[in-house]
Amino acid sequence: MERYAYWLSCVKGCTPRVRKQLFRACVSAEEVYRLDEKQMKKIIGLTPKDLASIMQSKKNWDIDKEWNELAQANISFTSLEKEDYPIQLRELYDAPYGLYYRGSLPAPGEFRVAVVGARMCSEYGRSIAREIARELALHDVPIVSGMAKGIDAAGHRGALDSSGSTYAVFGCGIDICYPNYHKQLYYEIAQHGGLLSEYPPGTRPLPAYFPQRNRLISALSDVVLVIEAKEKSGSLITADFALEQGKDVYALPGRVTDALSAGCNRLIAQGAGVLLSAEDFIKELTIEAGRRKNVPYMVPSGKNFANLHKKSLEKDEQLVYGCFCLTPISLEEVMIKTGLNVQDSSRILASLVQKQQIEEIYKNHYKLKTCPVGFANRDNGRTHNEMN
């Protein structure tokens, strides 16, 4: 029952590592809940601290009371154990176990576009974001963003202008409207799409949560559109996640002297698609969406050759290959992202090097041998073999 999954998602310290050990021994959160302390101690991989946290939570948590209070707060919940859990999020190596939402979940098979960018944007960037989102909504393309000030809000507002669907992913509990002055936008999004978060209700909007939130924005989207971004911007984190996940990235070009365009211009220099006009962008998306229509999600289109490479890899190789994105990464980063030990990580990295999927640029630091999906040369339709 989902109330048990809700309990498990709220257990403090119950990290993906802990849940992995639990579900090696149990088939559901309900089974975990019904284990006594003696049975729990037999689960391999649980530390005394893990065990204490779980047992304490079971003592303090009233399953029925907490579940009813969640429903009374008009908050819905799903988990990896349920069929309605978004399939795009299941593809993540660090997929959130639980997902809280108001409104509705993204419908399976939708072609969605993320519109992201600077909080302190220009009026030009704001108007472009709203115009693009408005036009996309008219073509039945839902918009995904983070409801932040600036470009995010403009993207949501543009979709609502055309009575389209839009989804906001939070870096806090969805019972907290952040920023607070977006209350009207918050309510409208809940009515014409959905508000989603991996964090339990009441979770405050801490800075560390927003980069993690960005991986969900990109995962729920087929294309990520960056409107304005400084050289070091959270929007570039979203673009980075998008490439790691095999999504296309587009950026709005700007003047080289404009700080708000530095991040976008950098993406374009590295091969991102160029946003020239709403009309041209929608034409490209129409082609892409047409390719994906009536086929299972994640089947690569003609230009998504990186996914074709992944098909030829073993499961553990796919896990490690999925860690790579715009910049080189170290052996230690691979271990952190995958949870693999040093021996397995080193072995798989060596195999990927041998298969010419990645290359070692210096001791224990690697980068992609081929360019990630979405970084294509739009002038001749061919994709670069290597990033500069």
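Reader: In which hand does α17 pass α18?
Author: Happy to start there, and keep in mind that this is a predicted model. The two helices are α17 (residues 331-338) and α18 (residues 342-354), and their axes come within 10 Å. The crossing of α17 past α18 is right-handed.

Reader: Which residues of α18 make the contact with α17?
Author: From α17, the contact uses Leu331, Val334, Met335 and Thr338. By class, the contact has five nonpolar, three polar and no charged residues. On the α18 side, the residues are Val342, Ser345, Ser346 and Leu349.

Reader: Are α17 and α18 roughly parallel or roughly perpendicular to each other?
Author: Their axes cross at roughly 110°. Angles of 65 to 115 degrees count as roughly perpendicular. The two helices are therefore roughly perpendicular.

Reader: What does α18 lie across?
Author: Look at the open sheet of three strands, ordered β10-β12-β11 with antiparallel pairing. α18 runs at about 110° to β11. The strands that α18 lies across are β11 and β12.

Reader: Which strands are at the edges of the open sheet of nine strands?
Author: That sheet has mixed pairing and the order β1-β2-β6-β5-β4-β3-β7-β8-β9. An edge strand pairs on one side only. The edge strands are β1 (76-79) and β9 (273-274).

Reader: In which sense do β5 and β6 pair?
Author: Strand β5 covers residues 166-169 and strand β6 covers residues 193-197, with four bridges between them. Ala168, for one, has Leu195 of β6 as its bridge partner. The sense of the pairing is parallel.

Reader: What angle does the direction of α11 make with that of β5?
Author: Helix α11 (residues 209-219) packs on this sheet. It touches β3 (113-116), β4 (143-145), β5 and β7 (223-226). The angle with β5 is about 155°.

Reader: Last one: how much of the protein counts as buried?
Author: The protein has 18 helices and 12 strands. Buried means under 20% relative accessible area. Of the 388 residues, the buried share is 54%.

Key:
Residues are numbered from 1 along each chain as its sequence is written. This is a predicted model: local features need pLDDT of at least 70, side-chain atom pairs count only at pLDDT 80 or more; totals for chains, interfaces and linings use all residues. Side-chain values use heavy atoms; hydrogens and water are left out. Axes are lines fitted to C-alpha atoms, for helices over the stretch in contact, and angles run from 0 to 180 degrees between N-to-C directions. Angles under 35 degrees count as roughly parallel, over 145 as roughly antiparallel, 65 to 115 as roughly perpendicular and the rest as oblique. A crossing is left-handed if the near helix is turned anticlockwise from the far one by less than a right angle, and right-handed if clockwise. Contact means heavy atoms within 4.5 Å. Ala, Val, Leu, Ile, Met, Phe, Trp, Tyr, Cys and Pro count as nonpolar, Asp, Glu, Lys and Arg as charged, and the others, Gly among them, as polar. Two strands pair if DSSP finds at least two bridges between them. Buried means under 20% relative accessible area, exposed over 50%, partly exposed in between (1.4 Å probe, protein chains only).
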